Amino acid sequence: MSKNYRIFVLLVGVICLNLSAFAQSKPQKPTETPAGTDKKNQRPDVTKTEEERKKEDELRKQKEKEREDEKNAVQDTEVLIIQTNTVNVDTVVYNKKTGQILTNLKKENFAIFENGTKQDITNFATPEAPITVSVVVEYSKWSEIFGNSPGLRQGEGKLEVVRPVAFFLSNFIKPPNDYASVIAFDIRPTPITDFTNDPRRIQDTINLLLRNNPAFRENNLFDAMKFALLGGKGDTVVLENSKEKSSNYAGMVAVKAKRRAIILVASGIDTFSKTRYDEIRRIVQEAGIPFYIISTGNLFFKLYGENLDPGRTSPGLPDRLTFLQAQNAMNTFAKESGGFHYPITFESEIPDDLRNINTFLRSQYSLAFDAGEKKDGKRNTLKVSIDVDLDGKYDDKDLVIQHRPFYFSAKK
């Protein structure tokens, strides 16, 4: 046997051994035996009685009949769509002279007028429902400057905006039914916490605002208000510790709750929001969610307003006219949303004002009516009247009936 022939035989043997090993190591697909009563070649179970087989046969025939009925059924392709344009009106009623809030009113005591025409009240809720609020707080270097008011206040200037937030969250958000979210803003809005009533989460929110310091000077108030109402893409919620830098945030209009409100703690000054004043005003009007506003920086304006002449301040700095415009804007937002404006000057005013806000929130009557199929996008005036003793005469002269004054119908 030649040397080359021996090498050839050796190579053939090695190849055969490798093929054999590969065949043994290759995963073998297990043999699956389909199970089920619908298998055509299924063998009968000899352990079953004759009565059991008859029942199974009847069940099989019934299923076959159901399948046949489904095939022969006539499909109704017409879909009936019922559209409603429900207008919600939150109302607080109190005595004009004494300020006493009227409670225990019923649906029959109320009347809603749209453009002067009385409407049928389709939904009515008493002030027993819990509250759901978004607290929007200005957290910028301007709030730090306004809060210091040199020579008159102790502590950091940011406390002027943090104190109202801390007081309201700690005293008035009660589990298990109340909920609050917190959004801080400077150059952009940043959600601190999404809706919660967990006392520990609330305390973490307060501690975060106290522990940190404002980073930017800008107050983009209108952008923050739009974000709080409509939501959108923004910074991720701080206390969720997400690895993502941004996320989609649902605004207050998407929240399904009977008592909704925005509590705004800010100076009212807007520097360069992308949202214009007329745009945010329209958004507030259409949302129908009341704004309860705590104005800050008023002591600063009272101390230095006479020296903030528009002709002497540097460009980009607030002047006397800026503060006056801010106050007017806050008044407008509160009135047109059906809320209230509290221009505080001293921190001693904060507890009473926040107690009033909590009382008004929990005293809201929730009314609604069907506006029909309007698709013109026009503004419609609203008026709510009260007949306290049901004598057929409205008692509006003696009462303050706080509600939003108009709404916009949907567009085509």
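Colleague: What makes the pair between Asn-328 and the side chain of Thr-332 a polar contact?

Modeller: The backbone oxygen of Asn-328 lies 2.9 Å from a polar atom of the Thr-332 side chain. A polar contact is a pair of N or O atoms within 3.5 Å, one able to donate a hydrogen and the other to accept it, and residues adjacent in sequence count only if both atoms are side-chain atoms. This is a predicted model, where local features need pLDDT of at least 70 and side-chain atom pairs 80 or more, while totals for chains, interfaces and linings use all residues. Residues are numbered from 1 along each chain, and side-chain values use heavy atoms, without hydrogens or water.

Colleague: Why is Thr-332 called buried?

Modeller: Thr-332 has 18% relative accessibility, so Thr-332 counts as buried (under 20% relative accessible area; exposed is over 50%, partly exposed in between; 1.4 Å probe, protein chains only). Leaving aside neighbours within four places in sequence, Thr-332 is in contact (heavy atoms within 4.5 Å) with Tyr-277 and Arg-281.

Colleague: What makes a set of residues the largest nonpolar core?

Modeller: A nonpolar core joins buried Ala, Val, Leu, Ile, Met, Phe, Trp, Tyr and Cys residues through side-chain atoms within 4.5 Å. The largest has 39 residues, and Val-133 and Phe-168 are among those with the most contacts inside it. A second, separate core of 27 residues includes Val-136 and Ala-287. Leaving aside neighbours within four places in sequence, Val-133 is in contact with residues including Phe-168, Ile-263 and Leu-361.
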